[in-house]
Amino acid sequence: MPYSRVHSNPIEVLLVEDNPGDVRLLQEAFKDGQFSGRLHVVGDGEEALAFLNREGPFEQAPRPSFILLDLNLPRKGGHEVLAEVKKSKDLRRIPVFILSTSTGCDDIANAYDLHANCYIPKPVDLDKLIQMSQRIEAFWLKTAVITA
Amino acid sequence: MRGAARIRHFITVGGLVNFFRRLLDSDFMPHGHCFLWQPGLIWLHVTSDSLIALAYYSIPLTLLYFVKKRAGLAVNWLIVMFGAFIVACGTTHLMSVWDLWHSTYRLEGLIKAITAVLSVGTAIACVRLIPTANRIPTATETERVNSALQSEIDARKETEKKLEAMFETRRLAGEAKLNAFVEAVPEGMLLVSNDGAIHMVNRRMEEMFGYSREELLGKRLDMLVPDRYRSRHSGHRARYFEEPKVRAMGAGRDLTGRRKDGSEFPVEIGLSYVDTGEGMLALGIVIDITERKRVESEFARINSELVRSNTELGQFAYVASHDLQEPLRMVTGYLQLLEKRYKGQIDQEGTEFIHYAVDGAIRMKRLIEDLLALSRAGTQKASFRPVDSRTLFDAACANLSVAIREGGAEVTCGPLPMIIADTGLLTQVFQNLIGNAIKFRRDDPPPRIHVSAELSKDGSGKEGSGKEGWVFSVRDNGIGIEDRHRERIFGIFERLHSADQYEGSGVGLAITQRILERHGGRVWVESKIGEGSTFFFLIPMQPAVQDLNRVAATKS
């Protein structure tokens, strides 16, 4: 089946982030950056896996085109979620972007060891945050090709 | 024949032959005729001559016996001559008796002639012997000498007795002194035989274990060992006596002693052995190490506390990198969102306030990041391996390319050596120092920065650290540093300028210093206000890698 860059369905993005302030800021930045996708937000690692596996309240959840994953999460940490996603036959092709305040070498190395697709330090500046959303779209949606 | 003619005839060959042919002839009148055969006179001569002959013959026999007994006698030859002379004399007397009845006067004459020769020879020998004979002490003289010798012997015996007495006194004094020494030894001393019996203890043993000397002597050593260790201890003892050797203090295990009151205390034992006449004894030195143990455990406690607080510091770095930055991002992000969304509704002044708030938050973030960098410089894993310092210099220049270009700086270097260092950390040192040199430039002339290295036997110049190594220098023509600030600038958050003049949080040199300390080196500066500064740093040949302080880096 030939691939198509023009997605018939809207781009679904799963944002795993526990801090409501961060969530809102990202939502605003993505809005300002005119990001074409739709953000689905869950607050911890367990919810994230439930969403991806369409369990419990997420029975109707769409399969996301990519995942924005924070590392510092309650209950189940970002590294664990990443590991489980990349171990799962069904989920491992979904690109996972780590979005973290941490710039520690160990965190970064760990993430790539677990096959994260990229590691993005959270920008402090609002403009940089908007820029980030635009660059994600420009590269991952308009330059690279990902599986449906 | 007349006399002279007769003698002449006698001494001729014919005369001599005639003489010996008729040697035993009795062709003369026997000598008895001269005595007219008067029996009285005859017997007087016979008896006297016979007795003389007998006596003369007995003398050589006696002499023979004497010579035999005294083999070492120096004058043997004289005695032989004397013996022969006397035998000859005796024989002449026997001949006198014989010739009373017979007339073998030729034989008698011959014997007399032999006797004459022997006697003359002996007489001459005697004369020649006089000097030797004179040296032979007389009996009285010998007596005198002997008594002198005797008195000397007596005197010596007396001296010997005195010496013995003196030695005994000294021995006793020595023993007393030795006892005093043993008593004065500030640690416990005891002697034990291979059956475990105590043969000697000193005062300190009494104090240490609470037993009196009488309670210990002759008793079993086991009484000083806690019950639970006794069987093992007697095994140790048996093995020691099988193969005794000197065991220094601290060489063995720490042991436990048991006092009279049953309480226990840690001891250290040094062992040696003494081979006395009554068999081998083990000499033990016992040290009460209660205090040392207490200090040791105190050290261990302080050490674990240090490790804990270091770990906490490491965790602080982690907290700083995450949890402190989160709220900061909220402040910045929402302030900026506010500014953006409500642009028209907020006046000029409001926008300015928001700007200051954002600026403050951003600076705070930078401080946190620098603090984090400082913490990482001290804690992150480092691998020390040979590396070409030129590549580190190049990497630093590449990282600084924007600053170099914007500052119009010219950065050069001399020949740079191979060193043993952590690549990442030392690149940061070059970067910090070159970056500072560009940052603290004068308006004019344009910044010139030169990096060089030189081998130093003692860590270089007046500030040398005594280590052999490479001393790198980063020389600039910038604003310079006042002498009084030379130490201060390496402190954390130390700044000499306001943020408007030169930005930065004052952590760079502190990081530099920490990195060099981890390499076993150091950093220092020489500078002249208005002319420029030269930062020196030492990388030792054999970096005594100071990674002991490094806590196992917590997640960073």
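**Entry 1: a hairpin**

I began with strands β3 (residues 255–258) and β4 (residues 264–276) of chain B, which run antiparallel and are joined by four bridges. Helices (H or I, at least four residues) and strands (E, at least two) are DSSP runs, numbered from the N terminus. Two strands count as paired if DSSP finds at least two bridges between them. I looked up one pair: Thr256(B) stands opposite Pro266(B) in β4(B). The hairpin of β3(B) and β4(B) has five residues between the strands. Gly262(B) in this hairpin takes a positive phi near 90°.

I noted what I was reading. This is a predicted model, in which local features need pLDDT of at least 70, side-chain atom pairs count only at pLDDT 80 or more, and totals for chains, interfaces and linings use all residues. Residues are numbered from 1 along each chain as its sequence is written, and chains are lettered from A and ligands numbered from 1 in the order in which they are written.

**Entry 2: chain B overall**

I found 16 helices and 12 strands in chain B. Chain B has 556 residues, and 23% of them count as buried. Buried means 20 or more other C-beta atoms within 10 Å of the residue's own; exposed means 12 or fewer, and partly exposed lies in between, with C-beta atoms placed from the backbone. I also checked contacts, which need C-beta atoms, placed from the backbone, within 7 Å. Of the contacts in chain B with a separation of 6 or more, 65% are between residues 24 or more positions apart.

**Entry 3: a sheet**

Next I traced an open sheet of five strands in chain B, with the order β7-β9-β10-β12-β11 and mixed pairing. Which strands stand at the edges? They are β7 (410–413) and β11 (522–528) of chain B. Each has a single partner strand, so one side of each is left without a neighbour in the sheet. The twist averages 20° from one strand to the next. Inside the order, β9 (residues 448–456) and β10 (residues 469–475) of chain B pair in the antiparallel sense over seven bridges. His450(B) has Arg475(B) of β10(B) as its bridge partner.

**Entry 4: two helices**

I then turned to helices α13 (residues 389–399) and α15 (residues 423–439) of chain B. They pack at an angle of about 55°, with their axes 8 Å apart. Axes are lines fitted to C-alpha atoms, for helices over the stretch in contact, and angles run from 0 to 180 degrees between N-to-C directions. The angle makes α13(B) oblique to α15(B). Under 35 degrees counts as roughly parallel, over 145 as roughly antiparallel, 65 to 115 as roughly perpendicular and the rest as oblique. The contact residues include Leu392(B) and Phe393(B) of α13(B), and Phe430(B) and Ile434(B) of α15(B). By class, the contact has eight nonpolar, four polar and no charged residues. Ala, Val, Leu, Ile, Met, Phe, Trp, Tyr, Cys and Pro count as nonpolar, Asp, Glu, Lys and Arg as charged, and the others, Gly among them, as polar.

**Entry 5: Leu100(B)**

I picked Leu100(B), in helix α4 (residues 76–101) of chain B. Is Leu100(B) buried or exposed? Leu100(B) is buried, because 21 other C-beta atoms lie within 10 Å. The C-alpha atoms of Leu100(B) and His31(B) are separated by 4.3 Å, though the two are 69 residues apart along the chain.

**Entry 6: where the chains touch**

Last, I looked at chains A and B. The contact takes 17 residues from each of chain B and chain A. On the side of chain B that touches chain A, α11(B) gives the most, with 11 residues.

Key. Contact = placed C-beta atoms within 7 Å.
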